[in-house]
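Work through the exercises below with the coordinates open. Each task is followed by a solution in steps.

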Amino acid sequence: MEWEIVIGLETHTQLSTQSKIFSDSSTRFGAEPNTQANEVDMALPGSLPVLNKGAVERAIQFGLAVGAHVAPLSIFARKNYFYPDLPKNYQISQYEIPVVQGGSISFFVDGVEKTVNLTRAHLEEDAGKSLHEDFTGPHGESSTGIDLNRAGTPLLEIVSEPEMRSAAEAVAYARALHSLVVWLGICDGNMQEGSFRCDANVSVRPKGQKEFGTRSEIKNVNSFRFLERAILFEARRQIELIEDGGTVVQETRLYDADRDETRSMRSKEDAHDYRYFPDPDLPPLVIAPEWIEQVRAAMPELPRHKRERFEQALGLTAYDAAQLTMDRDTSDYFERTAAALPNGQAKLAANWVLGEVSAALNREEREIGACPVKPTALASLIARIIDGTISNKIAREVFAAMWSGEQGGDADAIIEARGLKQISDTGAIGAMIDEVLAANPAAVEEYRAGKQKAFNSLVGQVMKAAKGKANPQQVNDLLRQKLG
Amino acid sequence: MPLHNEFDSIASLREALRARRVSARELATSALEAAHARADLNAFLHIDADLTLAEADAADRLLEQGAQAPALAGVPIAHKDLFVTQGWRTTAASKMLAQYKSPFDATVVSRLQNAGAVSLGKLNCDEFAMGSGNENSAFGPARNPWDPDAVPGGSSGGSAAAVAAGLAMGATGTDTGGSVRQPSALCGVSGIKPTYGTVSRYGMIAYGSSLDQAGPIARHARDLLELLDPMSGFDPRDATSLEACDGQKNEPGRIHAQFVSAAREFDAAGSQPLKGLRIGVPGEFFGAGLAPDVATAVEAALATFESLGAERVAISLPRTELAIPTYYVIAPAEASSNLSRYDGVRYGHRAQQYSDLGEMTSRSRTEGFGPEVLRRIMVGTYVLSHGYYDAYYLQAQRVRRMIVNDFQQAFAGQCDVIMGPVTPTVAKRIGDNREDPVADWLADIYTLGVSLAGLPAMSVPCGFGGSGKPLPVGLQIIGNYFSEGRLLALADRFQQATDWHQRKPELA
């Protein structure tokens with residue numbers, strides 16, 4: 001039987017506010033345990049939460065960026081469950097009425113565009129951390145420590161519809177979402193520090209079946225690679241289970257990266273009754289249209305708008321435009337390069353950024369911000385292709401030299417020093433052609449007998465004689481003339 | 001006898017303090033002695049002479065400025081042990097927090113301190129403010145100064161008892177379903193619960209967050225004004241505190257100005273100062289459950305208002321009885337979640353014996369909480385549970401909105417204020433309802449609706465009842481939102497015409 005995988009993602013993005021969502025303590029990562037927890041974060045008696053407007057504004061930005069409905073009124077609710085690193089023993093979240101409703105994310109998978117709808121995105125607070133390992137109590141006994149520095153860190157939980165059909169799609173979605181929140185500056189995107197965490201809801205069904213299969217929720221996936229592996233493992237597990245006559249049970253599973261497998265954490269039967277109810281400490285979150293407009297005005301140009309502009313105003317292909325708008329630094333790099341070139345040459349700039357530049361960056365595992373060839377330098381190189389000084393092929397050689405800093409990374413100086421200037425002197429090319437024709441009478445005969453192949457071979461001979469520096473178009477034209 | 005009892009009001013005490021005829025230290029010293037002498041009342045839970053005297057000395061230094069000194073400089077008060085304090089322990093009268101000390105002061109505490117008031121310590125109450133008789137205190141019941149065998153009411157029982165016994169000029173209380181008004185009534189003192197949102201809840205240990213509101217208890221309306229005005233005001237640390245009250249900035253001075261303007265209005269009306277005032281009297285407040293002695297005293301009070309020119313209007317608050325189940329769904333629901341933080345992990349009582357995490361939490365809580373708190377946590381957990389939420393919690397919220405509408409309908413056309421009893425009976429004897437907790441719940445019938453609606457309301461002494469020793473009866477005065485100043489001015493008129501608030505229990 002042919003199986004289809006159905007995936008929906010719930011992504012916790014840590015919002016980039018200076019202070020916590022309901023208190024004024026710092027959200028900085030990596031401080032000494034419990035040094036960034038005040039009376040609110042520690043849930044001391046009498047403390048009360050006060051909403052951080054910065055977190056709301058980041059949620060609004062996200063809502064606008066994905067074309068969602070930003071709710072004029074949303075409600076904070078308490079999600080009640082006991083756990084030692086959850087100081088109030090309830091989490092303040094949004095339940096029935098979230099701040100961001102709907103919206104969608106578009107991205108490319110294997111060159112094909114895919115759009116995934118979002119169900120919602122809601123604001124909530126993070127819990128603290130339990131330190132089980134390497135922790136000893138005051139008398140040296142093995143013990144569990146609680147670090148509340150993270151407690152109260154603002155999160156935007158972004159929930160997708162179950163619209164992804166392969167692990168590759170899920171990863172592409174997660175990457176697109178990641179680049180969007182980083183683009184907007186609402187999340188630092190640091191996955192090692194847990195700023196961007198995905199839970200995957202995975203189910204399988206026979207291809208063609210309408211109803212969804214029973215899903216399991218995989219938690220604790222903190223890299224794109226693990227996300228892909230976890231989904232692949234889980235889908236295979238479910239398919240094998242069903243093919244062996246078993247049934248999938250609804251449960252929460254934990255991904256173990258070391259063993260590359262998912263393990264049952266708790267089943268639906270053990271699921272908590274969270275006893276959600278509206279938090280009486282927090283009035284409904286009211287977002288007036290003026291507030292939304294204020295936020296919109298302060299936002300960077302959205303990737304999808306940039307994409308449209310790249311396609312329509314600069315004439316790029318949809319694919320190139322999408323690739324260039326995966327992150328803000330790349331699009332900035334591209335725009336600065338294109339801006340330094342004559343109008344109509346953006347396509348060439350895009351080819352270079354997505355081709356040579358990105359290949360070199362990948363090879364050296366560098367971010368585009370740390371690219372040794374700056375946009376203006378790249379533009380001066382491309383300009384030499386446009387004006388016929390060098391061929392595209394020679395330009396690659398120049399680029400490599402620029403990358404390693406030769407001649408201070410100056411394209412013209414490298415071309416000069418290496419003598420790479422294209423020969424466009426008709427006389428010099430004519431002389432070389434004459435030599436080649438004299439040395440290859442057989443080929444000349446064949447050409448005259450109508451064999452196109454012979455012509456190509458003659459062009460190759462001329463280029464070889466010119467050490468690649470002759471202008472290929474000129475060579476063609478002159479050769480044809482001389483063969484009359 | 002504490003020195004402050006020689007003064008019949010905070011205003012006259014202030015005059016003496018500013019004239020340096022008496023010092024804050026003298027007042028504090030004598031008040032602390034009296035508190036020790038009346039330890040039998042069990043009104044105080046924590047006294048620390050050093051802390052109090054340090055505050056008194058600071059007040060004395062401020063008083064050197066004479067008329068420039070803060071309004072309450074040197075005035076001895078005390079706080080319900082539900083307000084967190086940096087100096088004194090804060091226990092919420094619970095074993096759970098028996099040793100707890102807060103790293104910060106409640107806003108109410110710091111505001112009164114900034115106004116110069118000197119704190120004598122922390123007052124007994126029902127555990128986490130859950131109760132109507134102060135019998136649910138882990139540190140034993142407080143006693144009613146009128147009869148030590150009677151309850152002082154609750155949950156702010158210690159506050160009312162301390163003021164009634166003359167141990168403090170005033171005290172802070174909290175009112176979730178009547179916890180300021182009811183003990184004030186049963187102890188023969190005056191108390192006011194302001195509109196929800198006028199006083200900050202920051203640092204007030206939460207019971208039912210959508211209902212909890214702090215208010216002062218004192219001998220009479222003028223002293224209540226002295227305490228409530230500086231307590232009130234927007235607090236950026238409490239998201240439910242209001243920035244504005246009916247278009248006016250919520251800040252100290254608002255209630256005072258309203259009082260002054262109402263008092264002037266009454267003065268200008270001459271011999272019929274309350275002419276034109278329509279008093280709504282809900283028939284539901286005078287039903288079968290109301291004891292005759294209470295009814296008689298309340299009727300007499302209404303007659304006094306009529307003699308002052310007010311008009312009595314019969315109104316209906318049809319959901320008065322429904323307020324009981326509504327309140328006892330919403331308040332426990334919120335409490336079950338508010339009290340989750342007491343788990344023995346970070347602070348508070350932790351069980352000695354446990355085998356795992358779950359057991360540590362459940363044992364710590366079972367041991368740390370008293371029976372009434374456990375009962376309400378269980379009720380609250382139940383009504384929020386999957387499958388019951390709609391039938392209980394949501395339904396209660398619907399009824400709550402209807403109750404709000406009932407009051408608004410009355411205020412819209414029928415009356416300016418609503419009056420009636422605070423309690424169905426005078427104070428019960430300690431232990432009477434021990435086997436029947438629901439009887440206590442039912443006795444909250446006249447105060448719960450106001451709390452659910454978030455309206456301001458007060459209790460003023462209006463007579464005595466009881467079969468043995470005379471026990472006080474309170475009159476409840478309910479106003480529309482943000483009418484605290486006007487209510488106090490009305491109560492003040494009543495107190496100019498009566499002397500119930502001047503009666504003092506015989507010293508046992």
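**Exercise 1.** Determine how strands E14 and E15 of chain A are joined.

Solution. Strands here are DSSP runs of E with at least two residues, helices are runs of H or I with at least four, and both are numbered from the N terminus. Two strands pair if DSSP finds at least two bridges between them. E14(A), residues 251-256, and E15(A), residues 261-267, run antiparallel and are joined by six bridges. Within this pair, A:Tyr255 stands opposite A:Thr262.

The model is predicted: local features need pLDDT of at least 70 and side-chain atom pairs pLDDT 80 or more, while totals for chains, interfaces and linings use all residues. Residues are numbered from 1 along each chain as its sequence is written, and chains are lettered from A and ligands numbered from 1 in the order written.

**Exercise 2.** Give the strand order of the open sheet in chain B and find its edges.

Solution. The order of the 11 strands is E1-E3-E2-E4-E6-E5-E12-E13-E11-E9-E10, with mixed pairing. Strand E1 (44-46) and strand E10 (311-315) of chain B are the edges, each pairing on one side only. One parallel pair is E2(B) with E4(B), joined by two bridges; there B:Ile77 has B:Gly170 as its bridge partner.

**Exercise 3.** State how many residues of each chain are in contact.

Solution. Contact requires C-beta atoms, placed from the backbone, within 7 Å. By this criterion 35 residues of chain B touch 26 residues of chain A. On the chain B side, H10(B) gives the largest share, three residues.

Definitions and conventions:
Contact = placed C-beta atoms within 7 Å.
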